[in-house]
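Keep the view open as you read, and take the points in order.

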Amino acid sequence: MNLSNLKTKENIVLDSDRTGGFRTLETDVYGLNIKFAYFAKSKGGAMALNLETETTGGAKLSQQIWITSGDKKGNSNVYKDKDGNEQYLPGFVVANSLCLLALKGQEIADVSVEEKTINIYDFTAKKDLPTKVDMLVDLIGVDIRAAVQKQLVDKNAKDGNGVYQPTGETREQNEIIKFFKNDNNMTVTEITAQAEEALHHDKWLETNKGNVFDKSTKTGATGGAPNKPAGNKAAGAEPKKSLFA
């Protein structure tokens, strides 16, 4: 599988630290074990990393992280901000940081990918069906820590033209906002800066733990508009030994 469109660039900030069945998890930091990690594509050609994970408490957490634009925008992992500068898509930053932290500095574009068959829910058949996927095999079984938001979002339904629109009702969902190294709670930013201790983990918890983030349009929120990464010093020359090891 060609992952050249996921390569990083030296002139773009790699990450930044911001504080900002099934049951929905409360906003918190959770220890996760990765059961499956595989690529998927939308009808428009955008690429996503799909994660199936389990918390240390046994709760299931599934996540779809969009890491490139679609065909019309070149299937890129970057966008241009209002000043015309290239920035990584927020989803790419999250997914790439997972690989950097969990795989000792290996970027997502360099992770081993193998075709595997797993059971995935089919909305047409309304049941799980065996499906071939491009699996990131190096991530299977890996432990990682993740900052997870509990969000309130719109329930959508198709209108007369077949376009999904908000119904005025809401539902709860979880979104992984940040990953931390499993053994020391360090972020990509802190490791890259060779910080002596992890600070962002506790700051994020202090600011966000227990909050519900309302992203529904009923309150005038912008929904899925991307949060642009805050500035930080750009990564320098590649070290001889990975800082993430």
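1. Searching the whole structure, which is a predicted model, turns up two aromatic pairs. In one of them, the ring centres of Tyr-88 and Phe-92 are 5.1 Å apart and the planes meet at 35 degrees, so this pair is tilted. Tyr-88 is buried at 1% relative accessibility, and Phe-92 is buried with a relative accessible area of 1%.

2. The other pair is Tyr-121 with Phe-123: the centres are 5.1 Å apart and the planes are at 85 degrees, so the arrangement is edge-to-face. Here Tyr-121 is partly exposed, at 41% relative accessibility, while Phe-123 reaches 72% and counts as exposed.

3. Next, have a look at helix H3, residues 200–208, whose buried residues are His-200, His-201, Trp-204, Leu-205 and Asn-208. Viewed down the axis of H3, they fall within an arc of 135 degrees, so they line one face of the helix. An α-helix has 3.6 residues a turn, so residues three or four places apart point the same way. On the face of H3 turned away from the buried side you will find the exposed residues Asp-202 and Glu-206.

4. What do the buried residues of H3 pack against? Their partners are strands E1 (28–41), E8 (143–158), E9 (164–180) and E10 (212–214), together with helix H2 (188–192). After H3 comes Gly-210, with a positive phi near 85 degrees.

5. Finally, Lys-181 sits in the loop between E9 and H2. Is this lysine buried or exposed? Lys-181 counts as buried, because its relative accessibility is 11%, under the 20% cut-off. Leaving aside residues up to four places away in sequence, Lys-181 touches Leu-101, Ile-144, Arg-145, Met-186, Ile-191 and Phe-244.

Key:
Residues numbered from 1 in each chain as written. Predicted model: local features only at pLDDT ≥ 70, side-chain atom pairs only at ≥ 80, totals over all residues. Heavy atoms only, no water. Buried < 20%, exposed > 50% of the residue type's maximum accessible area, 1.4 Å probe, protein only. Helix = DSSP H or I, 4+ residues; strand = E, 2+ residues; numbered from the N terminus. Arc of directions from axis to C-beta. Contact = heavy atoms within 4.5 Å. Phe/Tyr/Trp six-rings, centres within 6.5 Å; stacked < 30°, edge-to-face > 60°.
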